[in-house]
Amino acid sequence: MSDVKDLKEKVQREIDKIAPQLIECSDWMADNPEIGLQEFQASARLARMLEESGAEVDRGIAEMPTAFWATLAGSGSERPLIAILAEYDALPDVGHGCGHNIIGNAAVGAGIALSRLGQLGELGELSGKVVVIGTPAEEDAGGKIDILEHGYFDGVDAAIMIHPAPQDLIAPRHLTVHGIEFEFHGKAAHAALDPYQGINALDAVIQTFVNIGLLRQQVRSEARIHGVITHGGGATNVIPIYAACRLDVRSFDVEYAQELKRRVIACAQGAAIATGAKLEWHEYVKPYLSYIPNEALGGVLKANMEALGRTVSHMEEVYGSTDFGNVSQVIPTAYALFGICSEEVGWHSKEVAAATKSERGHAALIAAAKTLAMSTLDLLGDPDLITRARQGHQAAVD
Ligand SMILES: [Zn+2]
Ligand SMILES: [Zn+2]
């Protein structure tokens, strides 16, 4: 029989008790990074920690072996259903350069603490249910999109998560991103003896980049188009028979991003005509849609961060993209950013991975776990908040 204020103090004490365990697991993940859909050890460890706290864990949801759905102990009625999202994938070459080891352990830390209160019968006065969803492959395959498409978010009233960053922030809007792969097929020939017999696939890739370079002048300033050449031929004395590139196309406006995608494809088609190479293209990843922040939910996260002594800055937008964006298009969502490094550090770098193991990184992890747990208690304790979140979401997507 406790009110939300008491419960928030109790949940913070529970998180303090497990802080060494969360930090140890986060540092271990930093030392043993696993890339998207290969996060077998990390997801197994996180799911086991939740299970040990009394949560019921369903592994391998949405046909992804490293995804999980953990229903916390002590859940009362079915609604509202609050989801805390975990990520745990790393980047190739740089390891946890996006700090998803902190996201995973903050989400699981909040889950363990809430589950323990549930086991003690402390949540009896609150209605609702809490789940921690393990969402794989944020960086390269969009695990949340698969979980969404399998219907797991259908009954979720609010989804919250955290992300490390250079500063504390409630995440503002993010960009839609389309990822397209272009493959060009040419005709081999000796580069000196009979180049006139060949069709140069690398030329088609270069021409694509030149066309896009010219297109750049004609696009809205918020647009982002960037790419890499993934195949450019093997030997200098052979006209490249195969060349390929990947382009990402971004905008805050979902429809404008579609329009840009069409124009970038036209750049590649033009290059194919000019060079005679045969073009094939496909989307190498499902589109990540623009992230819509929910004001009511963001307000709850912010208030709890401030109650923990964090200073929360404001930003209008972030020129990044997340698969949480697709979730935000369907249900109310909010995520909080926790500062772990200086503004000068380039994101997606080894420096960020090191910062997750620093004193500041550890402090952010524990504050983030507390913020998620305290905010969940607020949402369970105040049905009006859920109503306002739903209304705000409806207004944003209409
Ligand atoms: Zn990230
Ligand atoms: Zn990232």
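Predicted model: local features only at pLDDT ≥ 70, side-chain atom pairs only at ≥ 80, totals over all residues.

Entry one, the metals. I looked up the zinc ion (ligand 1) and found its protein donors: Cys 98 (SG), His 100 (NE2) and His 163 (NE2), lying 2.1 to 2.3 Å from it. Along the sequence I can write the spacing of these donor residues as C-x1-H-x62-H. Then I checked the zinc ion (ligand 2): it sits 3.1 Å from the zinc ion (ligand 1), and Cys 98 coordinates both.

Entry two, the rings. I get a count of 6 aromatic pairs. One of them is Tyr 291 with Tyr 335, edge-to-face, with 5.1 Å centre to centre and 70° between the planes. Tyr 291 is in the loop between strand S10 and helix H7 while Tyr 335 is in strand S11, so this pair ties together parts 44 residues apart in sequence. Next I found Phe 324 paired with Tyr 335, also edge-to-face, at 5.7 Å centre to centre and 65° between the planes. Phe 324 belongs to helix H8, so here the parts tied together are 11 residues apart in sequence. I note Tyr 291, Phe 324 and Tyr 335 as a cluster linked by ring pairs.

Entry three, charges over rings. I found Arg 173 over the face of Phe 252, 4.0 Å from the ring centre. Arg 246 lies over the face of Tyr 284, at 4.0 Å from the ring centre.

Conventions
Residues numbered from 1 in each chain as written. Chains lettered and ligands numbered in written order. Heavy atoms only, no water. Donors = N, O, S within 2.8 Å, 3.2 Å for Na, K, Ca; no water. Phe/Tyr/Trp six-rings, centres within 6.5 Å; stacked < 30°, edge-to-face > 60°. Helix = DSSP H or I, 4+ residues; strand = E, 2+ residues; numbered from the N terminus. Lys NZ or Arg CZ within 6 Å of the ring centre and 35° of its normal.
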